[in-house]
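This briefing covers the ligand site, the cavities and the pockets of one structure. The topics follow in that order.

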Amino acid sequence: MRPTRIQRIHVIDSHTAGEPTRVVIRGGPDLGTGSLAEQLGRFRREYDHFRSAIVNEPRGSDALVGALLCEPTEPSCTTGVIFFNNVGYLGMCGHGTIGVIVTLAYLNRIRPGAHRIETPAGIVEARLNEDGTVTVRNVPSYRLAARVPVDVPGYGTVIGDVAWGGNWFFLVEEHGLELTLENLERLTDFTWRIRQALAREGIRGANGEEIDHIELFGPSPREGIDSKNFVLCPGGSYDRSPCGTGTSARMACLYADGRLKEGQVYRQESIIGSVFEGTISVINGTIYPSITGSAFVTAEAELILDERDPLCWGIRR
Ligand code: PYC
């Protein structure tokens with residue numbers, strides 16, 4: 001009889017402003033060396049079943065973002081990391097980077113101070129502050145196109161900006177919808193339709209990349225908070241956090257419009273009421289956003305991957 005093949009995966013779960021991250025500490029695939037883009041290519045081609053097993057049901061959920069620690073190419077980096085979700089992979093992830101730093105601190109692998117983290121979208125600097133918050137200096141962010149019209153069935157013409165913050169975003173201010181959790185179904189329907197309309201009309205990011213995050217903005221009801229948002233993630237779930245890469249893209253747009261100055265603090269509230277604080281610095285015309293937030297470890301566990309289980313590799317879409 002063939003021996004039962006059981007894999008044990010050591011993971012640490014956390015949430016950053018409500019959005020969950022699952023860091024794979026041990027038991028993940030060996031992606032070898034090479035650039036993070038090469039390692040991501042290997043992950044996608046040879047181990048996509050592992051991605052699904054870690055984040056999809058029955059072990060995960062649509063909102064969960066996985067983080068696989070891997071070998072950085074830059075020796076100055078503390079680690080490399082590849083982020084993934086219920087349907088694929090992310091170039092960068094702001095809430096996830098905060099979760100990785102808090103997880104490494106929980107494991108006593110890092111101390112307060114600055115840590116360079118290599119991602120497929122580039123190297124980011126994550127500072128573990130003495131008060132336990134984390135500040136991520138993101139990859140350069142920019143607006144690719146302003147006030148782009150898209151025809152959204154059932155809603156008419158919607159105007160938005162196309163911007164990069166480590167992922168591609170379509171950012172909409174004029175929508176007339178109430179940004180509350182009670183309105184979740186409508187917000188999800190609206191943003192999903194926008195995403196489909198962008199794909200249909202061939203509106204894409206640089207190099208033809210798909211715009212897979214849709215972000216709506218409105219005023220926050222709270223004093224001292226600049227804006228509230230709703231962010232649709234690639235797999236159809238909404239970001240519980242204000243979205244680190246989305247807030248980066250937003251600040252790049254605000255700067256381009258002269259509505260945000262270098263060093264000015266911008267506070268972005270999420271749909272659940274959690275907040276990230278952001279600033280930008282501009283060096284030779286390049287915008288570097290920084291995002292500060294908190295994460296908390298929620299579980300340390302061993303996932304069991306039993307190949308006799310018909311759902312061993314997760315429920316895939
Ligand atoms: O915080 O950048 C982020 C993010 C992307 C997708 C979910 N969270």
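Which residues lie nearest the centre of the largest cavity? Val 65, Leu 90, His 213, Cys 233 and Asp 239 do, out of 21 residues that line the largest cavity. The model is predicted, so to speak of local features requires pLDDT of at least 70, side-chain atom pairs count only at pLDDT 80 or more, and totals for chains, interfaces and linings use all residues. Residues are numbered from 1 along each chain as its sequence is written, and side-chain values use heavy atoms, with hydrogens and water left out.

**Ligand site**

- The ligand sits in the largest cavity; to sit there, more than half of a molecule's atoms must lie within 2 Å of the grid points.
- Helix H3 (94-106) and helix H5 (244-256) are the elements that give two or more residues to the shell around the ligand. Helices are DSSP runs of H or I with at least four residues, strands are runs of E with at least two, and both are numbered from the N terminus.
- The residues surrounding the ligand are Glu 19, Cys 93, Gly 94, His 95, His 213, Cys 233, Asp 239, Cys 243, Gly 244 and Thr 245; a residue is near the ligand if one of its heavy atoms lies within 4 Å.
- Three nonpolar, five polar and two charged residues make up this shell. In these classes Ala, Val, Leu, Ile, Met, Phe, Trp, Tyr, Cys and Pro are nonpolar, Asp, Glu, Lys and Arg are charged, and the others, Gly among them, are polar.

**Polar atoms and burial**

- A polar side-chain atom of Asp 239 is 2.9 Å from a nitrogen atom of the ligand.
- The ligand taken alone exposes 240 Å², and the protein buries 99% of that (Shrake-Rupley method, 1.4 Å probe).

**Cavities**

- Two cavities of 30 Å³ or more are found in the whole structure. On a 1 Å grid over the protein atoms alone, a cavity is a set of points where a 1.4 Å probe fits but cannot get out, and lining residues have an atom within 4 Å of a point.
- The largest cavity has a volume of about 140 Å³, a volume being the space filled by probe spheres set on grid points joined across faces, edges and corners.
- H3 and H5 each supply at least two residues of the lining of the largest cavity, which divides into eight nonpolar, ten polar and three charged residues.
- The second largest cavity holds about 40 Å³ of space. Its lining consists of Arg 195, Leu 198, Ala 199, Ile 203, Arg 204, Glu 210 and Ile 211, with four nonpolar, no polar and three charged residues.

- The largest pocket has a volume of about 400 Å³; a pocket is an open set of points with protein on both sides within 12 Å along at least five of seven lines.
- Among the 19 residues lining the largest pocket, Arg 44, Tyr 89, Leu 90, Gly 91 and Asp 212 are the closest to its centre.
- Helix H1 (36-46), helix H2 (48-55) and strand S5 (89-90) each give at least two residues to the lining of the largest pocket.
- The second largest pocket contains about 190 Å³ of space, and seven nonpolar, one polar and eight charged residues line the second largest pocket.

Notes. A polar contact is a pair of N or O atoms within 3.5 Å; within protein, one must be able to donate a hydrogen and the other to accept it, and residues adjacent in sequence count only if both atoms are side-chain atoms.
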